[in-house]
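Have a look at the model first.

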Amino acid sequence: MQGFAKLVLSLSVTALAFGQSASAPDPAKLLERAKSLVRSTEAFPASDPRQEAIFLLRQANELWESSASNDASYAESLDLLAILLPKAGKDANSWKTEAGPLVSRALEILEALDDGQPSDDLALALELKASVLGAEFTGASAGAPFFNRAFNIRRERIYEIERRARIDKHLPPLPLVRP
């Protein structure tokens, strides 16, 4: 067994010397694997799929962070991790402490990628930020501005879907109700 360890070490040093290090896992593939674990409908899995998904998402996020990526998939991974954390036995305050930086970074990425068309991903990031800050949807809560932005994005999205359906069915448009 000692000879095998020397062989592995020797091959690793040789590969590094020639610039051929083992390739790091693809964070996008880790995200997809985590999403498939969360969607799993297996009745009695051998292990907790949420815990496995959290582990994979943490790995993916570390890879994206080390590459200074501003990929929308990175934001999706951060948000999914924040969503899964409460299911992992966290109380509300510890969730806010741990999820706060995740949702802030996701929101930062999505706002940097903003193409002028609000997305469902941006709405989710805003909703999570509102939850972290205090999700009182009206009044002077710190989360209210984030919730209101998310609400407006969702309302516009619903209006657009309804508008398309009405066009397909040759119905007159409904007026957009503003608060």
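**How the helices pack**

The crossing of α3 and α4 is left-handed. Keep in mind that this is a predicted model.

Q: What makes the crossing of α3 and α4 left-handed?
A: The term applies when the near helix is turned anticlockwise from the far one by less than a right angle. The crossing of α3 and α4 gets that label. Their axes sit 9 Å apart, at an angle of about 145°.

Q: Which residues of α3 and α4 meet?
A: On the α3 side you've got R50, A53, I54, L57, R58, A60, N61, W64 and E65, and they meet S73, Y74, S77, L78, L80, L81 and L84 in α4. Sorted by type, the residues of this α3 and α4 contact come out as 10 nonpolar, 3 polar and 3 charged.

Q: Why are α5 and α6 called roughly antiparallel?
A: Helix α5 (residues 92-112) and helix α6 (residues 120-133) pack at about 150°. Angles over 145 degrees count as roughly antiparallel, so α5 and α6 are roughly antiparallel to each other. Their axes are 9 Å apart, and α5 passes α6 in a left-handed crossing.

Q: What makes up the contact of α5 with α6?
A: From α5 come W95, K96, A99, G100, V103, S104, L107, L110 and E111, while α6 brings D121, L122, A125, L126, L128, K129, S131 and V132. That contact of α5 with α6 splits into 10 nonpolar, 3 polar and 4 charged residues.

Q: How do you know that the charged end of K129 sits over the ring of F146?
A: Part of the test is distance: NZ of a Lys has to be within 6 Å of the ring centre, and it also has to be within 35 degrees of the ring normal. The charged end of K129 is 5.9 Å from the centre of the F146 ring, and K129 is listed as sitting over that ring.

Q: Where do α2 and α4 touch, and how do they cross?
A: L31, K35 and V38 in α2 meet S73, E76, S77, L80 and L84 in α4. Helix α2 (residues 27-39) and helix α4 (residues 72-84) cross at roughly 35°, with axes that come within 11 Å. α2 passes α4 in a left-handed crossing.

Q: How many aromatic pairs does a search of the whole structure find?
A: It finds 2. To count, ring centres must lie within 6.5 Å.

Note on methods:
Residues numbered from 1 in each chain as written. Predicted model: local features only at pLDDT ≥ 70, side-chain atom pairs only at ≥ 80, totals over all residues. Heavy atoms only, no water. Phe/Tyr/Trp six-rings, centres within 6.5 Å; stacked < 30°, edge-to-face > 60°. Axes fitted to C-alpha atoms, helices over the stretch in contact; angles between N-to-C directions. Helix = DSSP H or I, 4+ residues; strand = E, 2+ residues; numbered from the N terminus. Parallel < 35°, antiparallel > 145°, perpendicular 65-115°, else oblique. Contact = heavy atoms within 4.5 Å. Nonpolar A, V, L, I, M, F, W, Y, C, P; charged D, E, K, R; others polar.
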